[in-house]
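Please open the structure in your viewer and keep the selection tool at hand. The stops below go from the chain as a whole to single side chains.

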Amino acid sequence: MIRQSFLKTVKPTARYLNLTHRNIASTAARMAEGDTGAPKSGGAAQGDAFSKREAANEDFYVRQKEMERLQTLKQKIEEHKKHLEELEKHVDDTMEHENKK
């Protein structure tokens, strides 16, 4: 009887705190400071063909993006050079026109 009355008062609180279905670990995960749980590079993982292929693909992707950026920069430089040439021509024409007066 006391047990039933106790459970009636405790159950709503336990549901609110989610204590009835909580899993409690007996040991904490042990990791050094800064560890993420991923395997460390080097050693046996260094010789893995998948790791080498993945690194090569990443390097290729980075080089490709850098080349695209360089191409766009070169195009912008050419556009600016053309614009400067047009401005110089305009200045020269204006100067000649002023000198003729």
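**A tour of the chain**

Select Asp-92 to begin: at 45% relative accessibility this residue counts as partly exposed, because that class lies between buried, under 20% relative accessible area, and exposed, over 50%, with a 1.4 Å probe and protein chains only. This is a predicted model, in which local features need pLDDT of at least 70 and side-chain atom pairs count only at pLDDT 80 or more, while totals for chains, interfaces and linings use all residues. Residues are numbered from 1 along each chain as its sequence is written, and side-chain values use heavy atoms, with hydrogens and water left out.

Asp-92 sits in helix 2, which covers residues 49-100. Now show the whole chain, where you will find two helices and zero strands; helices (H or I, at least four residues) and strands (E, at least two) are DSSP runs, numbered from the N terminus. Of its 101 residues, 1% count as buried.

The structure holds one salt bridge. Lys-65 counts as partly exposed at 30% relative accessibility, and Glu-68 is partly exposed as well, with a relative accessible area of 40%.

Key:
A salt bridge is a side-chain nitrogen of Lys or Arg within 4 Å of a carboxyl oxygen of Asp or Glu.
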